[in-house]
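Here is a walk through one protein chain, from a single residue out to the whole. Please keep the sequence and the 3D view open while reading.

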Amino acid sequence: MSMIELSVNQRAVRQSVEPRTSLADFVREKLDLTGTHLGCEHGVCGACTVLLDGIPARSCITYAVACEGAEVTTIEGLDDDSVTTELRAAFTREHALQCGYCTPGMLVSARDLVLRLPQADERLIRVGLSGNLCRCTGYVGIVRAVQSVIEARRARDIAPIPDGGRKILGPAGSGRSVHNGAGRAESFPAAAQTSAEAASSVSSIPDFNPADVLEQQFTVAHPPAQVFAMFNDIAAVAACLPGASLTAPPKPERVEGAIRVRIGPIAATFQGAARVERSPADMSGRIVGIGNDRRSRSSTQGEICYRLVPIEQGTRVDLSIGYTLTGMLAQVGRPGLVRDLAARLIAEFAGNLDRRLSGTSPSNATAVELNGMSLVFSLLRARVARWVGRFSPDKDRAT
C-alpha cells in the first residue's frame with residue numbers, strides 16, 4: 001500500500017492505496033464519487049474523464065499514486081462551475097443525453113472545448129469530443145449544445161483561454177508537482193510559464209513513472225567506444241532518427257527538438273526538450289524528455305536508457321524505452337501497436353547509425369516524416385508472412 005496526498009474537488013485527501021489502483025477506482029470506491037463512470041477501462045470511451053490539474057484526463061488509465069500532489073476535479077466538483085452549469089442547461093435543451101452514462105465525461109470534455117475554442121466550429125467540436133463515445137444520441141444534440149454555449153459566451157465577450165490554461169509541456173498533471181527528498185509534493189511557483197520557459201532548464205524536466213516500458217536491442221558492426229562517441233554527437237543521432245529534428249543548438253546535457261509522427265488520420269509534431277545523462281565508465285546513458293503536440297492535443301513523457309555491450313561482431317545496444325502518452329494519439333496508439341512501431345523505428349535508426357559510423361551517410365541528412373500507416377501495413381505483411389510460414393510444406397517436411 002502507498003500513502004498519497006492530493007486535492008479532490010478542492011478538498012485535501014490523504015489515503016492509502018494499492019499501486020495498481022486506478023484514479024477512477026480510487027474516487028469511486030475510496031471517496032464515493034460515483035459520478036465518474038467506468039466503461040471500457042482502456043482509455044477509449046471517455047466515460048471516466050475527470051480534470052487532472054485542470055486538464056481532461058482518462059481516470060481509468062491513470063494510476064492514483066501518480067496523482068500525488070495533484071488537483072483532481074470530478075463531475076461532482078463542477079456543481080457550481082459556471083461553464084458546466086451552462087452546458088447542463090444546453091444538454092437538456094438540445095436533448096443531448098438519453099441514458100446519461102457518458103454524460104459526466106462528456107461534460108468534462110465539453111467544458112474544456114468551451115474554454116479553449118474561439119468559435120463554435122462544428123468540426124473542431126467533433127474532433128475535440130472524438131474521445132468520448134455515446135451509444136444513444138448520435139452526437140448531433142451534443143454538438144449543438146456545445147456550439148450554443150460557445151456562441152453565447154463569445155457574444156457576452158467572454159474570451160477563450162489559450163490552450164485551456166495549459167502552461168507547460170507534458171501529459172496532464174505531469175508538471176504541477178515535484179517531489180523533495182521526503183517524498184512530499186511541492187507546488188511549482190505560481191508565476192505563469194510558457195512551454196519554452198518551463199523547459200528552460202534541465203532540472204525542469206522531471207523524472208516520472210512510465211505507463212509502458214519497451215525492451216529493445218540492436219547491433220552495429222563497430223566497437224563500443226566509437227558508438228559511444230557517436231551518441232555524444234546529438235545532432236548526428238537526431239539525423240539518424242526518422243522524423244526527428246533539432247530546434248536549438250544542442251548542449252551536452254540538454255537537447256530541444258521535434259519529431260513528426262502520422263498514425264492513421266492523425267498527424268502530430270511533438271515539440272519539447274530532454275535532459276541527457278551519460279556514464280562513460282559502463283558506456284551507458286539516459287535521456288528523459290517531455291513534449292506535446294497542440295494540433296492533436298497529445299502529450300508525452302519519455303525515457304530512454306541505453307547500454308553498450310561489446311560483442312564479437314561489434315556492439316550490442318540494449319534499450320529500455322519508457323513512455324506515457326495522453327490525448328488523441330493515446331486512443332489509437334495502443335501498447336501493442338506502439339511496440340511494433342518502435343521496433344521498426346529502432347531498426348531504421350540502427351541502419352542509419354551503422355551507415356553514419358561507416359562514413360556512407362551524408363552529413364546533412366534531413367529527417368523524414370514517420371508514417372505510422374505505412375509501418376502498420378508492413379507489420380501486417382510481416383505477421384501474415386509468419387502465419388503462412390507456419391503452414392508451409394517445407395516446415396512440415398522439416399518436422
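Ile 346 is buried, because its relative accessible area is 10% and the cut-off for buried is under 20%. This value, like the others here, is computed from a predicted model. Ile 346 has its place in helix H10, which covers residues 335-357. Leaving aside residues up to four places away in sequence, Ile 346 touches Gln 216, Phe 218, Leu 319 and Ile 321. Take Gln 216 from that list: 130 residues separate Gln 216 from Ile 346 in sequence, yet from C-alpha to C-alpha the two are 8.1 Å apart in space.

The next stop is helix H2, which consists of residues 82-93 and packs with helix H5, residues 140-155. The angle between H2 and H5 is about 135°, and their axes lie 9 Å apart. That angle makes H2 oblique to H5, since the roughly antiparallel class begins only over 145 degrees. The crossing in which H2 passes H5 is right-handed. Which residues meet here? From H2 come Ser 82, Val 83, Glu 86, Leu 87, Ala 90, Phe 91 and Arg 93, and from H5 come Ile 142, Ala 145, Val 146, Ser 148, Val 149 and Arg 153. Sorted by class, this contact of H2 with H5 holds eight nonpolar, two polar and three charged residues.

H2 also packs with helix H3, residues 103-116. Here the angle is about 120° and the axes are 10 Å apart. H2 and H3 are therefore oblique to each other, and H2 passes H3 in a right-handed crossing. On the H2 side the contact is made by Val 83, Thr 84, Leu 87, Arg 88 and Phe 91. On the H3 side the residues are Thr 103, Met 106, Leu 107, Ala 110, Arg 111, Val 114 and Leu 115. The contact of H2 with H3 divides into eight nonpolar, two polar and two charged residues.

Now for the chain as a whole. It contains twelve helices and 15 strands. Of its 399 residues, 46% are buried, and Ile 346 is one of the buried residues. Among contacts between residues at least 6 apart in sequence, 61% join residues at least 24 apart. The pair Ile 346 and Gln 216, in contact and 130 residues apart in sequence, gives one example of such a contact.

Note on methods. Residues are numbered from 1 along each chain as its sequence is written. This is a predicted model: local features need pLDDT of at least 70, side-chain atom pairs count only at pLDDT 80 or more; totals for chains, interfaces and linings use all residues. Side-chain values use heavy atoms; hydrogens and water are left out. Axes are lines fitted to C-alpha atoms, for helices over the stretch in contact, and angles run from 0 to 180 degrees between N-to-C directions. Helices (H or I, at least four residues) and strands (E, at least two) are DSSP runs, numbered from the N terminus. Angles under 35 degrees count as roughly parallel, over 145 as roughly antiparallel, 65 to 115 as roughly perpendicular and the rest as oblique. A crossing is left-handed if the near helix is turned anticlockwise from the far one by less than a right angle, and right-handed if clockwise. Contact means heavy atoms within 4.5 Å. Ala, Val, Leu, Ile, Met, Phe, Trp, Tyr, Cys and Pro count as nonpolar, Asp, Glu, Lys and Arg as charged, and the others, Gly among them, as polar. Buried means under 20% relative accessible area, exposed over 50%, partly exposed in between (1.4 Å probe, protein chains only).
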